[in-house]
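Colleague: I would like to go through this model with you and ask, for each label, what it rests on.

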Amino acid sequence: MNENMKIFRRPRTWIMLSILALISLLMPVLLNEGMGSNEVPYWQAAITTVQIVFFLNTIFCVVIAAEAVAGEFTWGTIKLLLIRPWSRSKILASKYLTVIGFSILSTLLVVILATVMSYILFSHSVTQDGSGASAAHAFALWGYLYVDLFITLAIAFMVSSVFRSGALAIGLSLFIMFTQNLFSLIFNPVRYEWAKYVLFNNMDLSRYMNSAADYGLLGDGNTGMTLGFSIAVLAVYYVIFMLISWVVFNKRDVAG
């Protein structure tokens, strides 16, 4: 409750959520003006809208995660927090759960508003060949997008806990967002066998939707990477990030 109050009592939090809501409502309108509403299924419009807005959603969530711990050191309130009758692990866990809660809230806000507005403006008909976007396709893609966000938040939270710098956490997270595809091209698993264990090559799970022949859930792809393999790699990185955060935070001397 305390950590949620710190987030939702700040005007900037509501400004960020308002921006996300406004763009989620306006983007289908712009798509409608550009493509028309007769032939475009509303699920396709909703998918496009969420993909566009999700980039901004990730940035806002990273800002919240970056200042969750680093902000306490910056404002000098960390001592007041640690003298309370709670363990450091419980304090850090409450901060992390609050960050995840905010990311879920903002993601649901974007998805719901984009879907509702697309439903109002675009076609409800199904193509004759049965192709095109569907609810299952949309929610699968959005789930993969959230996994990417989830790992990015883990990195931001770790940097915030270890280096006590919100700016560094935000900068590093944005660097990963912008250069993820670039590093995936440089360290291509087809060229380097070890590259399939690199974090950047496993964050974008949506590629398995577009390359089902090569990247099946259980089947072996051309590089030996599958959806299950990438999830396992991300899980290992996630555990490492969380362990570093908890160990450093619990052992850090804040007397200075």
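**Labels and their cut-offs**

Modeller: Let us begin with the rings, for the structure holds 16 aromatic pairs, where rings of Phe, Tyr and Trp (its six-membered ring) pair if their centres lie within 6.5 Å, and planes under 30 degrees apart count as stacked, over 60 as edge-to-face and the rest as tilted. This is a predicted model, in which local features need pLDDT of at least 70 and side-chain atom pairs count only at pLDDT 80 or more, while totals for chains, interfaces and linings use all residues. Residues are numbered from 1 along each chain as its sequence is written, and side-chain values use heavy atoms, with hydrogens and water left out.

Colleague: Why is the pair of phenylalanine 55 and phenylalanine 178 called edge-to-face?

Modeller: The ring centres of phenylalanine 55 and phenylalanine 178 are 5.5 Å apart and their planes stand at 65 degrees, so the pair is edge-to-face. The pair links distant parts of the chain, with phenylalanine 55 in helix H3 (residues 42–75) and phenylalanine 178 in helix H7 (residues 166–186), 123 residues apart; helices here are DSSP runs (H or I, at least four residues), numbered from the N terminus.

Colleague: What makes phenylalanine 178 exposed or buried?

Modeller: The relative accessible area decides (buried means under 20%, exposed over 50%, partly exposed in between, with a 1.4 Å probe and protein chains only). Phenylalanine 178 has 58%, so this residue is exposed, whereas phenylalanine 55, at 37%, counts as partly exposed.

Colleague: How do you know that arginine 12 forms a salt bridge with glutamate 67?

Modeller: A salt bridge is a side-chain nitrogen of Lys or Arg within 4 Å of a carboxyl oxygen of Asp or Glu, and the closest N and O atoms of arginine 12 and glutamate 67 are 2.6 Å apart. Arginine 12 lies in helix H2 and glutamate 67 in helix H3, so the pair ties together parts that are 55 residues apart in sequence. Arginine 12 is partly exposed at 30%, and glutamate 67 is partly exposed at 23%.

Colleague: How many salt bridges does a search of the whole structure find?

Modeller: The search finds four. One of them joins glutamate 3 and lysine 6, whose closest N and O atoms are 3.3 Å apart, and both residues lie in helix H1 (residues 2–8), three residues apart, about one turn of the helix. Glutamate 3, at 8%, is buried, while lysine 6, at 24%, counts as partly exposed.

Colleague: Why does threonine 115 count as buried?

Modeller: Its relative accessibility is 15%, so threonine 115 counts as buried. Threonine 115 lies in helix H5 and touches Trp43, Ala46 and Trp142, not counting residues up to four places away in sequence, where contact means heavy atoms within 4.5 Å.

Colleague: What makes Trp142 stand out in the largest nonpolar core?

Modeller: A nonpolar core is a set of buried Ala, Val, Leu, Ile, Met, Phe, Trp, Tyr and Cys residues joined through side-chain atoms within 4.5 Å. Of the 70 residues in the largest one, Val50, Trp142 and Leu153 touch the most other members, and the largest share of this core, 17 residues, comes from H3. Tryptophan 142 touches residues including Val50 and Val111, and Trp142 also belongs to an aromatic cluster with Tyr42, Trp43, Tyr119 and Phe139.

Methods
Helices (H or I, at least four residues) and strands (E, at least two) are DSSP runs, numbered from the N terminus.
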